[in-house]
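Please look at the structure first.

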Amino acid sequence: MWRRGLLVGRFQPFHLGHLHAVKYALERVEQLCILVGSAEKSHQPDNPFTAGERVCMIKAALEEANIDCRRVLIIPLPDASAHSIWVASVKATVPKFDVVFSNDPLTRRLFQEEGFTVLDIPFYERSTFSATEVRRRMLRGEAWEELVPKSVAKIIYEVGGVERLKQLNQQK
């Protein structure tokens, strides 16, 4: 078991596939840093939620799933101006970590080039559980709530997330 791991995502929004990834990572580390990437982005068709909203979604989902939040740090981080400095920015922002969990090819490569062990996360019904699919269903008025933890759906409704997403996509 590693001491601390890093899980990177945009979480636009946090869904059941993300929750599965968190549980998978926590089986392998004592503590997990969840890095909320692209923290500066919000109110965009592919990034409708603010970093603060995403942090609240993650925390609420972990509590709903009875995950010990003392084992998890949730840290927002804006994008770096260049890929070559992104890992350094991550290392300067989060506590020291031993392993990275990611299926994203660029994230994997950047951390491997810096000497980190990067582990794949088994996808959890990937065709269904993706933030793109959640946003697509929201836009089409289809049932999306079943793809996210109940606590996340509640937050999305509280912030007017569905209406926001629809308005943002009208501006395209």
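The largest pocket holds about 940 Å³ of space. Closest to its centre, among the 37 residues that line the largest pocket, are Val8, Gly9, Arg10, Ser102 and Asp104. The lining draws at least two residues from each of β1 (2-9), α1 (16-26), α3 (83-93), α4 (105-113) and α5 (131-140). By type, the lining of the largest pocket divides into 19 nonpolar, 13 polar and 5 charged residues. This is a predicted model.

The table gives the geometry of two pairs.

| Helix pair | Angle | Axis separation |
|---|---|---|
| α2 (51-64) and α6 (150-158) | about 150° | 8 Å |
| α5 and α7 (161-170) | about 85° | 9 Å |

Take α5 and α7 first. Their angle of about 85° makes α5 roughly perpendicular to α7. From α5, the contact uses Arg135, Met138 and Leu139; from α7, Val162, Leu165, Lys166 and Asn169. The residues of this contact divide into 4 nonpolar, 1 polar and 2 charged. Helix α5 also supplies at least two residues of the pocket lining.

Now α2 and α6. Angles over 145 degrees count as roughly antiparallel. The pair packs at about 150°, so α2 and α6 are roughly antiparallel to each other. Their crossing is right-handed. On the α2 side, Glu53, Cys56, Met57, Ala60, Ala61 and Glu64 take part, and they meet Lys150, Ser151, Val152, Ile155 and Ile156 in α6. This contact comprises 7 nonpolar, 1 polar and 3 charged residues.

Technical notes: Residues are numbered from 1 along each chain as its sequence is written. This is a predicted model: local features need pLDDT of at least 70, side-chain atom pairs count only at pLDDT 80 or more; totals for chains, interfaces and linings use all residues. Side-chain values use heavy atoms; hydrogens and water are left out. Axes are lines fitted to C-alpha atoms, for helices over the stretch in contact, and angles run from 0 to 180 degrees between N-to-C directions. Helices (H or I, at least four residues) and strands (E, at least two) are DSSP runs, numbered from the N terminus. Angles under 35 degrees count as roughly parallel, over 145 as roughly antiparallel, 65 to 115 as roughly perpendicular and the rest as oblique. A crossing is left-handed if the near helix is turned anticlockwise from the far one by less than a right angle, and right-handed if clockwise. Contact means heavy atoms within 4.5 Å. Ala, Val, Leu, Ile, Met, Phe, Trp, Tyr, Cys and Pro count as nonpolar, Asp, Glu, Lys and Arg as charged, and the others, Gly among them, as polar. On a 1 Å grid over the protein atoms alone, a cavity is a set of points where a 1.4 Å probe fits but cannot get out, and a pocket is an open set with protein on both sides within 12 Å along at least five of seven lines; lining residues have an atom within 4 Å of a point. Grid points are joined across faces, edges and corners, and a volume is the space filled by probe spheres set on the points.
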